[in-house]
Amino acid sequence: MSASLPRRCAWVGNSALLAAYHDEEWGRPVHDGRALWEGLMLEGFQAGLSWVTVLKRREGFRRAFAGFDPARVARFGEGDIARLMADPGIIRCRRKIMSTIGNARAYLDMQARGEDFATFAWSMMPDGPVRNESGAVQAQSPLSQAMSRALRARGFRFVGPVIVYAWMQAMGMIIDHDPGCAHHSENLPSG
């Protein structure tokens, strides 16, 4: 007798990679500032592409972007940009690469002003994660629009409300599992 497959969000489809990501990471609250920043940068690279494309290259991104260490990425110069543009292990879009470097600098500017990235991000949800109970698929929300504006005010780029909404879902700020998903009603642990 075979075990039945768990019910998952429709976007997982038949992909084993997406299934593992969904079950182990997506929608689980993340409170580490560096991990939140990495997630936001990867969502920016995903824009216009499928998430599985980014997941397949995630280790390549981590290698190419110094483990997503903002202090190291902020020091990237023209030689690094040329190296990244030639790296087949990542998505080679100059605008996205440049925004990641600039966003590392914005992240460090926040730190220099005494503003922790995780504290900032979660301050937009003072009562904890927002649970989408409607079952409606959204590309953005008033909350992601506000977060996008707040990020841009701090110098971040490539952080429009659609990218930010996907990031907030992935990082567990918005709990957005399909109503039929096995994870829809569970209380997800922090990561």
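Which residues line the largest cavity? In this predicted model, in which residues are numbered from 1 along each chain as its sequence is written, the lining of the largest cavity is made by Leu 40, Met 41, Gly 44, Phe 45, Lys 96, Ser 99, Thr 100, Asn 103, Arg 157, Phe 158 and Val 159. Local features need pLDDT of at least 70 and side-chain atom pairs count only at pLDDT 80 or more, while totals for chains, interfaces and linings use all residues; side-chain values use heavy atoms, with hydrogens and water left out.

**Overall fold**

- The protein chain contains 9 helices and 2 strands, taken as DSSP runs numbered from the N terminus (H or I over at least four residues for helices, E over at least two for strands).
- Read from the N terminus, the order of the elements is α-α-α-α-α-α-α-β-α-α-β.
- The radius of gyration of the protein chain, taken over C-alpha atoms, is 17 Å, close to the 16 Å that the globule rule (2.2 Å times the number of residues to the power 0.38) gives for 191 residues, so the chain is as compact as a globular protein of that length.
- Along the principal axes, the C-alpha atoms of the protein chain fill a box of roughly 55 × 40 × 25 Å.

**Helix packing**

- Two packed helices are described by the angle between their axes and the distance between the axes; here axes are lines fitted to C-alpha atoms, for helices over the stretch in contact, and angles run from 0 to 180 degrees between N-to-C directions.
- Helix H8 (residues 142–153) and helix H9 (residues 161–170) have axes that come within 8 Å and cross at roughly 110°, and the two helices are therefore roughly perpendicular to each other (65 to 115 degrees).
- In contact (heavy atoms within 4.5 Å) are Leu 143, Ser 144, Gln 145, Met 147, Ser 148, Leu 151 and Arg 152 of H8 with Pro 161, Val 164, Tyr 165, Trp 167 and Met 168 of H9.
- The contact of H8 with H9 has 8 nonpolar, 3 polar and 1 charged residues, where Ala, Val, Leu, Ile, Met, Phe, Trp, Tyr, Cys and Pro count as nonpolar, Asp, Glu, Lys and Arg as charged, and the others, Gly among them, as polar.
- Helix H1 (residues 16–24) packs against helix H3 (residues 51–64) at an angle of about 85°, with the axes 10 Å apart, and H1 and H3 are therefore roughly perpendicular to each other.
- Leu 17, Leu 18 and Tyr 21 of H1 meet Trp 51, Val 52, Leu 55, Lys 56 and Arg 58 of H3, a contact with 6 nonpolar, no polar and 2 charged residues.

**Pocket and cavity**

- On a 1 Å grid over the protein atoms alone, a pocket is an open set of points with protein on both sides within 12 Å along at least five of seven lines, a cavity is a set where a 1.4 Å probe fits but cannot get out, and lining residues have an atom within 4 Å of a point.
- The largest pocket has a volume of about 570 Å³, a volume being the space filled by probe spheres set on grid points that are joined across faces, edges and corners.
- Its lining has 26 residues, of which Trp 11, Trp 26, Gln 138, Ala 166 and Gln 169 are the closest to the centre of the pocket.
- The largest share of this pocket lining, 6 residues, comes from H9, and by class the lining has 16 nonpolar, 7 polar and 3 charged residues.
- The largest cavity holds about 40 Å³ of space, and H2 and helix H6 (94–112) each supply at least two residues of its lining.

Key
Angles under 35 degrees count as roughly parallel, over 145 as roughly antiparallel, 65 to 115 as roughly perpendicular and the rest as oblique.
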